[in-house]
Structure formats: structure tokens, C-alpha cells
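I opened the notebook to keep track of what I look up, one entry at a time. Sequence and structure come next.

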Amino acid sequence: MKVAFLSLIFAILVSCQGGVTPNDGDRESFVSGFIIVTSGSSSWPKEDSCKELRVLVVPEYPPYNIIADILEGRAYLSDTLARFIDTIPYLVKIQRTPMAKAFILASVRYGTIVQQRMIGFYKKNQKSKVPDSIYINKGIYLKDLNVYVDFYDLPEQEPIK
Amino acid sequence: MIMLRNILITAYFIILLPNLLLPQIQISGYIYDQVDNKPLIGARVILDGTILGAITDQNGRYQISKITPGWYSIIVLLPGYRTLKETILLSKDTIINFYLQYQDIIKSEVVVTASRRMQVLSDVPVSMSVLETEYFQNKNYYELKEYMNFIPSVDVNSDNISIRGSSGYQFGSGSRVTLLLDGFPFLSGDIGEANINIFPPEIVSRVEVLKGAGSAIYGNSAMGGVVNIITKIPEEQTLLLAKASTGFYTMPKYDEWKYTNKIRTKNSLALTYLLPRNSMKLLLATQFLNDESYRNFNRSNGINFFGKFINQIGSASTFSFFTLLNYKFSDDASYWKSVQYATLPPDDYDLSRRITKRRLAFGADFLSTIGKNSFFSAKSSLFATDFESNLPKSDINYRQSTSYSNFNEFQITHHLFENSFLTTGINLINNWVHSQQYGTRKQNVLSTFTQAEFKMFNKLNATGGIRLDLDVSDSSDKYFEISPRFGITYKELEKLVLRSSVGKGFRVATISERFSSVRFSGFTIEPNPDLSPERSWNFEIGSSLEIDIFGKKSLFDFSIFYSRYNNLIEPQFDTNASTPTIRFFNISEAEIKGLDFSTNFRLSKNIDYNLSFVYLDPLDLNTKDILKFRSKFYFTSGLNLSFEKLKMSVLYKYVSKIVKVEEQLRFILRDYYVRVPVHLMDLNLSYNFQNFDIPFEVTFSIQNLLDYYYVDLVGNLAPTRFISLGVNFRIK
């Protein structure tokens, strides 16, 4: 009998602690979608001019000083992504929200960390030549924000600082 | 048609002819309590290895007729009493009285799942858990899953069952545990779903769970174990049972999870009719279920119907027929929005989205003796499933599938000599699927099996068997599987039982795993018709022991086990594909080793207590890391009190935190990584008002008494605290 009651009391004591709470997850927001290479997987440049692929979420376009923006928490970047295929999923965590204006860019690194080339951006209309901005609210998970890339018709850009 | 009828009639007489020609005798007598010599009503007397048996009447008398002379083991069973087994020579009409001894501890005595025939549990060489009839009686649960929550090392989700970590998270495809109802398989033909909630709980007499590979007996999908639901048989008198239950989910502690101010309720009405009439028995049960849910994306309405008809033909043959109908209309969301809003669906989920699921099954079983000491069983069933979402067919989230699974089996059991049996059979399963996602597909599995049991020196029981399966499916290779099994038990004075077993298991890929072609949260699930069957080898050694501790009878059961898995079929994010793709691959080489300990005390005549502990070490041999979606520790305990009309039980379950989940889920699911240990405690109370004209019982349950919040696998908050009241009427 003692064993039974001791076990129950132990269970109750343990159970009263812990458990899932609403604060256990990410309070940040997320932006996700696919980089879609419309020019096909064979159009990727050679590896030495395409060392790394990432997606960036920046507060202005064109970005003037992206390194400083990242360091100061105004811009965000994804993990390194797969290359040389035609559809690549991405996910970017946005820590400071709301973000009134955000542009989603895909960028490849061809040299040092500052040697980046923008290869595409999110836009509502595929034919548009300029990116569209989005509003990122607090604690939201935005999906299907696709970035289209045509390696034969890359967007013009100022050198990324 | 006439020709077919003539063939059947001829076959029927050829099979029964030996019975008509052999001399036949009878055995009769009384069953008494050993202490006070009171006659015992409702005790079952069975001639082991035959289909012959009887139940004692109001005076404790039994009678079994039309027995072919020979040696027989007679088993006498009554819940609460120690099972009696005696071997005698029956050469003429015989009168024998039996005296049963009151049992100090609660333990299961007989099972049918381990060898496809009724067998004393201590002769079974593998671990089994059994939920007995009494377990189902004082609880106000709505679905069968809720009753299964407290079986050690068994995880039951809405569409999958995992035993000892056999399954992880399969995206709803491919069960590694076979689900049976009275021996008929209930895995859907398309996704291989094992959903126990399609059966109304009121029809259940007992549930047997075989832990470890059962493929040598049940073939495909039994590599992780077998769950066999045994339905009630109307025995004593005509009975109408009416059960009305209503309950509500308490408001969650956190404001973020309070998505409405309205109380969310769950209601059920169940009617069960049991009619025993001479040689015929009828069971009809229906259940209406409405669940407003604790989440805004889990609401459902459902109807279950089950009917079973049994006709005893003479004393040597039985024909039974069953039908099952299940209809469920529910929300169609898979995951939460985030843990912060765990009771809400994702933002892009349309709240008007619903899914309709329908299941229809019917089957027949003919059981008869053949000559001296042999009997055969012929089974045939059809299990049809259908689901369809209410979206336009052009919508990427539209889901539809219709499947038919036809099962046919012929089995002969021959009583070789004293306590030794040979069982052999053949079975054929045809699956046919028509689906938006999987196309129109066929799958056929032809099998033959044989197994022998030998009893030696009255203490040693050896079992050996082999099963051959041939899988032939559309657009994929044929697969031939050989599944052997061997087991041994050793008994000493009925107090100590040692057991050991080794067996092979396998599972062929389901149609959905091979041919899925569907968009899922931006990913394409692509077909892989070349999937090979999964295979496993299981080894177990165990012991059960009855001893006195502080003057109280106690039962201990201990086992250690090892399972080695090859070619495990798991969904993988295919990083080499040109588009974001999930595909089922044969990837994992894995092993699961562990130990299982349980004990059972009867503290007094009114109080019993049980506890169990299971440790698992599930290892992915490819990565040398723990297998995904597995826990390492399980602990359950149950305290049951019974004071005449009042019964109470407190059940508790602990499952340690899932160690590892699929990281790629981050693309699909927010807060996919959030997980905690499970602490689940249920309180059940019942009071029996026997003295009214219409006797009734009131049941009161609090599920998740501590309102502890945990996650069901990934992205789903498990049920919060639920308080319910039920009234059960027994109308004779």
C-alpha cells in the first residue's frame, strides 16, 4: 500500500512541474518559401563563382550596408542552402518584429564574405523587375514566399557593402 | 451458381462426415469454489485444442457433448479464480466436478493471439499484455485509444500503434503493428493504417497485445507486434446496455490557448444488445460520438456500428458473421499554428476544411472439427475504407482515397498427442486502391504457415513455426519472405515461468509508401515503387514469478529483448531531388534493445496495484545516433479499489521525452522541436445502483487529472484535462 501511495505522490509532484507552455517555442517570426531557378538547374554558374547560397531578409532595397544591418539585427539570413538544383527550400528566422518593410533576396557568395551577388528576389508578379516588400508581424510563419532566379537575366545591383 | 452451391454442400458433408461416424461421448459436472463449496456461475470449461466448450449455468453445472473419445486437456476459467488445467482420458460419458481456487493476484490466464488458438498464458514464449474485461468496466472513456493509453511501452496515436518503439512518426503511412479484431486483420489497403478508434469500446471483451515480431503467425506488418481485440460473446441472458456520457474540457491554464469562452464538450451515446438464444448469439452495438475538442482544429462527429452473429451448428461447428461500419466527419488539420497558439491551426488553414472518413467491413468465420482431435477454421473478410476532403479536386490540399482489403484464410489445428498441436494454414490478402494521390493500384500477398507446439516432461513447452509470404504488387518487384519463429517456456510449480523466443518479422511497403504523389506544405511526396520490405529479427528472454512479499501474493514479470531492423522504410527529405521532395526510402539499419519489468500486488481483497517499467535503447546504426521519434523510458502504474458497489482506479503513465525529431520538419511545422516528457494521470470512479428496477451504474472520470500539457509526437498538443460523467443502464 505504501509503495502505491508513494508512487502516486511522486507522480503528482513530478507532474505539477514542467509541461509544455506557450513560451516554449520561437517567439520570432519565420519567412519561408522556395528559390525557384526558372532558367533550370543546368544554368548554375561554376562552383568557384558560386561558393555559397543564402536568402537574406533586408529592411530596404537596394540594401546599402547589409553586413552592418545583419550585425545590428536589422537584416536576417538563412542557413547555407543547396545549390545546382532548380528548387531550393529556405527558411529565415526574423528576430525583431514587427518588420514594417522587408525584402527577400537570394544571394550567392563568389569570394570573401562581402563578395556577394544578388541573383533574385521575392516579387508577386514574376514579370516584375523590382522586388515586392512584405510586412512581417510578430510571431508569424509566412510561407510560399518564392524567390525566382533566372541566371540568364540576373537583376542589376549595386555592389553589396 | 447451382454448381457452386453443390460443391459447398458436398464439401460440408465430407468435412463433417467423420464426426457423424465416430462414437461420441459427453462430459458434465459442477464447478465449485474450493473454500466454501459454492457453485460458480459463468465459469468456462474448454477442451484444449478443440472448439468444444461450455459455460456453467445458475447451478454451476456444465455439459459438453459430442466429444470424440481420447486424451484431453480440460481448462476451467473464471475471472478472479486461478485457471485449472487437467489432462484426462475420456473414453465414455464422464461426470467430473472441479474446485477453483480464489486468486490472490490479478493476472491474465489465457490468450488466443500468440498461437491462433486458446492457450494458457504461461505457455506463451513471448511477452504479452492483456486488458481484461474488468478493466473496461468502471471507466467513462469514449474511444478505445483511451483504454490503451496505460499499456506499458505501447504508444497509440490516431492512426498508428507502436510497441516497444517499433514505429516513429510515419506521416500516417505503414503500421508496424498488426491490428486484429477476433483474428481478422484491420489494416487499411492504401496507407496500412491501424486505427483502433473505429471499434466501439462497448463491443470489447478483452485486448491482447503481443510484444515482438509476430510475422511467423500473422505475416506482413506484425514485425513490431500484434494487437488483437476480442469482442464480447453473449453468454447468459438477453441484455440491453445503454451508456450515455457527457463531459467537458477544462479551460487551459494559459490565455494564449483559450481560443473560445465556450465550454468545449464531448458526448457519446452507445447502445449494445446481447442476445443468446439456444445455439445462436447476436451482438449489436452502435455509438454516436460528438467531440467539440480542446483545439479549434480537431472537432469531429462519428458513428460506429458493429454486429456479430454466431450460430453453433451441432456441437462441432460454429459459424459467425460480423459487420462493422464507421463514419467520421472531422477537421482536417495536421499541426498547430505554433506552440504559442497550440489550440489553433496554421494561419493558412481554412477552418471550413473537413474530411469524411468511412469504413465498412464484413466477414465470416466457419469453425468445425475434422475427425478426431482436429479442427479447421475458414475466414473471409472485406475491409473497405474511404476518405475524402471537402475541397475542390483542383485544390492542392484535396485528399481522396478508396481502398478494399480482402482477407481469406484457411487453417487447420491438429491435436497431435497430449498437449501437442500442429497448426497450418494458407491465406491470401488482396488490396485494391483507387486514389487521387496513389492512383489505381493492386497488391496481393499469398502466405502459408505452419507451427507446432510440444509439451515435454510436463514442464517444458516448445513452439516452432515458419511462414512463407509472397508479395505481388503493381509496378514493383515480387518479394518472397521466409519468417521462422522458435520459442520455449519452462514452468516450475506454476510459480516460476521462464521463457525465450526468437523470430523474424517483416513488412512490405504499403501502396501509399510506394505510390504517393501529393503536395504537402510546399513539398512533393513522390512515389518510390522500388521499396523493399522491412525486416526484423527479435530475441527475448523473460521470466514471471509468483512470490509472497510481506504475506501478500505478488507477481513479477521481467524480460530483456533485442530487435534488429533492416531496410526500415522512413520518409526522408530528398536533398538530391531537383524539387523539394519527401520520399519513402529503405534507409535505416536499426536496433532496439531494452528491458521490461512489471509487477502486480493484491494488497487486500479490495485493493490491487500494478506497476511497470520499460527501458528502450533505440539506435540508428547508420548514424550511431538514437532513432528519431523514440522515447527511452516508460513507467505505468495503476491502483484499483473495489468496495462492493463503489469502484475506483487511478492510472498513471510516464514516457520520457522524445530524444530526437526530424530537423527538416522546420520547413513544414513551427516549433517542431517542442517536446516534454509525458505525465498522464486518470481518475475513474463508478457506483453501481443495483437495487433499482432497472439497474444502472454511474461513472465519473477525470482524464489528465493534473492538466499536464505535453505534445503528441510533433506539432500537436495532447488532450488537456477532461471531466466526464456517464450513466450505464443494464436492461435484462
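How many bridges pair strand S26 of chain B with strand S27 of chain B, and in which sense? I found 15 bridges between S26 (residues 420–435) and S27 (residues 439–456) of chain B, in the antiparallel sense. Two strands count as paired if DSSP finds at least two bridges between them. I noted that this is a predicted model, where local features need pLDDT of at least 70, side-chain atom pairs count only at pLDDT 80 or more, and totals for chains, interfaces and linings use all residues. Residues are numbered from 1 along each chain as its sequence is written, while chains are lettered from A and ligands numbered from 1 in the order in which they are written.

**Entry 1: two hairpins in chain B**

I looked up a bridge partner for B:Asn427 and found B:Ser447 in S27(B). Three residues lie between S26(B) and S27(B), and the two strands form a hairpin. I then followed S27(B) to strand S28 (residues 460–473) of chain B, and this pair is antiparallel over 14 bridges. Here B:Leu446 stands opposite B:Leu470 in S28(B). S27(B) and S28(B) also form a hairpin with three residues between them. In that turn I noted B:Phe457, with a positive phi of about 55°.

**Entry 2: domains of chain B**

I found chain B divided into domain 1 (14–103) and domain 2 (123–731). These bounds come from an automatic or database domain assignment. Taken over C-alpha atoms, the centres of domain 1 and domain 2 of chain B are 34 Å apart.

**Entry 3: an open sheet in chain B**

I wrote down the strand order S3-S2-S5-S6 for an open sheet of four strands in chain B, with antiparallel pairing. Strand S3 (53–55) and strand S6 (84–90) of chain B are at the edges with a single partner strand each, so one side of each has no neighbour in the sheet. On average, neighbouring strands of this sheet are turned by 20° against each other, direction ignored. For such angles, axes are lines fitted to C-alpha atoms (for helices over the stretch in contact), and angles run from 0 to 180 degrees between N-to-C directions.

Strand S5 (residues 70–77) of chain B runs antiparallel to S6(B), and seven bridges join them. I found B:Val76 opposite B:Leu84 in S6(B).

Is B:Leu89 buried or exposed? B:Leu89 lies in strand S6 of chain B. B:Leu89 is exposed, because 11 other C-beta atoms lie within 10 Å. The cut-offs are 20 or more other C-beta atoms within 10 Å for buried, 12 or fewer for exposed, and partly exposed in between, with C-beta atoms placed from the backbone. From B:Leu89 to B:Ser122 I found 33 residues in sequence and 23 Å in space, C-alpha to C-alpha.

**Entry 4: a buried valine**

I found B:Val614 in strand S36 (residues 607–620) of chain B. B:Val614 counts as buried because it has 24 C-beta neighbours inside 10 Å. Leaving out residues up to four places away in sequence, B:Val614 touches B:Pro152, B:Ser153, B:Gly594, B:Asp596 and B:Tyr634. A contact needs two C-beta atoms, placed from the backbone, within 7 Å. B:Phe597 is 17 residues from B:Val614 along the chain, and their C-alpha atoms are separated by 6.2 Å.

**Entry 5: positive phi in loops**

B:Ser293 is a residue other than glycine with a positive phi, near 70°. I placed B:Ser293 in the loop between strand S20 (280–291) and strand S21 (300–313) of chain B. B:Ser293 is partly exposed, with 18 other C-beta atoms within 10 Å.

**Entry 6: chain A**

I found two helices and nine strands in chain A. Of its 161 residues, 32% count as buried.

Which peptide bonds did I note as cis? One joins A:Tyr61 and A:Pro62, with omega about -5°. A:Pro62 lies in the loop between strand S2 (52–58) and helix H2 (66–71) of chain A. Another runs from A:Thr97 to A:Pro98, with omega near 0°.
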